[in-house]
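Student: Could you show me how to read strand pairing and helix packing in a model like this one?
Tutor: Gladly; let us look at it together.

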Amino acid sequence: MHLYYLREAWRSFRQHQGLGWTAMISLTATLLLCGVFLLLTHNAQSAVRFIGDRREMVVYLRDEVTPDQREALIARLTELYGTATYVSPEQAWEEFSQQVGDPQLLQAVDQNPLPASLRVRLRPELLNYPAMEQAAKQVSQFPEVEDVRYGGEWVRRLDELQATLARGSLVVGVAVALAILLILYNIIRLTVMARRREVEIMIRLGASDRFIAAPFTLEAVGQTLVSALAALGLLFALEQLTVQQVVHVSFLPAAWIAAFLGGAALLAWAAATLALARALRSAGP
Amino acid sequence: MITFEQVSKRYGQRMALDSVSWHMDEGECVVFAGHSGAGKTTLLRLITHEIAPSSGTVTVGTFRGVRLPRARRALLRRTLGIIYEDFRLLNDRTVFENVALAVRITGHFADAEVVPRTLYALEEVGLQHKQAAFPSELSAGEKQRAAIARAIVNRPAVVLADEPTGALEPASAKEIIMLLRRIHEEGAALVTVTTRPDVGEALGGRILRLDEGRLPAGTAAAGSPYAPAGPVDTTAPVAPGPGA
C-alpha cells in the first residue's frame, strides 16, 4: 500500500466533505444502533452466564437414609451429574434463618422442618432445560431420594432468553451489515460520479482499475473506521450514563471491540469493491 | 507500430470511418487532416481502444484485437502519450502533480523515480517554473505544454495528438507545433489529427486526408498539404477484417 493512495483518499475526502460527512453520520448512527444491541447482548449474556453458573439441582433425601447410603449416593450423583454436596437439616435451617432474618418469626417454628439434601452443581453440558429435566427424573428414581427440585420453569425461560438474544443478534447484525453496504455503496457511487472527469482522465491515461479504486476503497474503509470509533465513543458515554443512573452495565470486551471494528472495515471494503466494480465500468472508455 | 486493416466504425446510421487501412512504422510522423466530422477523432479513439471498430482490425504494437479486455486496454494506453485539444488536466492538482500522475499510473510511486522524470518532462516543455501552478493559473498554451509533458513523461513510443493547437492562439500554436516536432525528432512516433492545413505542413510528416470517414487514394491534388506521400498508404498491409 503506497502512501500515495492514502494522500489521494484524504484529498478526495477533503474535496467532497459533504458526501464524506453524510456517509460518516449515517454510518455512525447505524453502527451505534449495532453497538447498543451488542452491549445489550453482551450484558445479557453475562447475566445469563452468571445465573446459569448458579443453576443447581437440589435432591431432598428421605429421613431414613443412613450416612453410608448417603455417601454412596453422593458418589453416584457426582459421577453422573456433577459435584454433589451434602447439606444437613441443621445447615439448611441456619441458611434459612439467615435468609429470613426475623428471630420472632423463626421462634414460631417449634422444630427444624427442613430435610437433609444434596446440592448438585451440574456439569456444563447439563445446564439446559431438557437435560436438567431428564437428570431430575433419573435422580428421583433413586430409593434414597424424597424429591428433586431444579427450578424447571425459570431454567426453561433462561434458555429461551438466550435463544432469543442469539436470534436478535443475528437479525440486527444482518440488518446493520445491509445498511452499511447500502450506505457505502451509494456514497461511493456518488463520489465516483462527482469525480467522474478525473476518473475518466485517469482511465484515458491507462490507469488500472486498482489504481483508481484504491483511494476510493481506502476512503470508504477510513470513513467506516472513524464512524465505528465514534459509535464506540458514544456507546461508552451511554454506558457510563447508564451505570451512574440505573444499573451496572459492563462495556464491550476488547475482543468484541476488535470484531466490531474489523467487521465494519470488512463491510466497507466489500461495499467499495462492489460499488467500484460497477461505477468504474460506467465511468470511462 | 500501428496498423488499421479495413477498419470501419459506425455510430447508428452514420458511418464515421469506412474501410480505412493504413500503417505507420516506429518513429514515423503521420498527420490526419480533414474537416470536422471526417472521422479523425474516431480514428484516434480506435487507436486507444476507447471504442471498438464495427469491422476490421486495429493493431498497436503488440496489442491487436477488436475489443481488448479492460486490463489490456489500460496497459496499451500506458504505452501511448495522448494530447487532447481541451488539455484534460486535473484542475485540483498542480502542473507537477498532473504530470507525475502519468508516472504513478505506470506503477512507479517512489519520489526518487517520480520527481526527476516529472521535472525532466516539464523542463522539456519549458514549464519547470510553473510546476507549482494550478491549471487555472496557466494560459492555454501553457496548459497544452503541461498536457504534452504528461504525454511524454513515460517516454512513449507513440504520441497521439488530437487537434493539439485547436484551442490556442497562433503564437502558442506555433510553439506547440515546434515542441511536437522536437518530440518526434527525438524518436517518438507522432500521430496528429487536425482540421488546420498549416499544422500538417509545419509538423512535416506524412499527411493523410480523411474525408467522410475515408482515406481517398489519389484524390488530393499534387502540392496540396493534404496529399498523401504516395497512394493513400502504401505501407499498409491491407487485409479484410472480420466484419468486412
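Student: Which residue stands opposite Val60(B) in β5(B)?
Tutor: Opposite Val60(B) stands Phe63(B) in β5(B). A word on the source: this is a predicted model, where local features need pLDDT of at least 70, side-chain atom pairs count only at pLDDT 80 or more, and totals for chains, interfaces and linings use all residues. Residues are numbered from 1 along each chain as its sequence is written, with chains lettered from A and ligands numbered from 1 in the order in which they are written.

Student: How many bridges join β4 and β5(B)?
Tutor: Strands of a sheet pair through backbone hydrogen bonds, parallel or antiparallel. Strand β4 (residues 55–60) of chain B pairs with β5(B) in the antiparallel sense over 2 bridges; pairing requires at least two bridges found by DSSP. Strands are DSSP runs of E, at least two residues, and helices runs of H or I, at least four, numbered from the N terminus.

Student: What is the strand order of the open sheet in chain B?
Tutor: Its 4 strands run β2-β1-β4-β5, with antiparallel pairing. β2 (14–24) and β5 (63–64) of chain B are at the edges with a single partner strand each, so one side of each has no neighbour in the sheet.

Student: At what angle do α3 and α4 of chain B pack?
Tutor: Packed helices are described by the angle and the distance between their axes. Helix α3 (residues 95–105) and helix α4 (residues 111–124) of chain B pack at about 120°, with axes 9 Å apart. Axes are lines fitted to C-alpha atoms, for helices over the stretch in contact (C-beta atoms, placed from the backbone, within 7 Å), and angles run from 0 to 180 degrees between N-to-C directions. α3(B) and α4(B) are therefore oblique to each other (under 35 degrees is roughly parallel, over 145 roughly antiparallel, 65 to 115 roughly perpendicular, the rest oblique).
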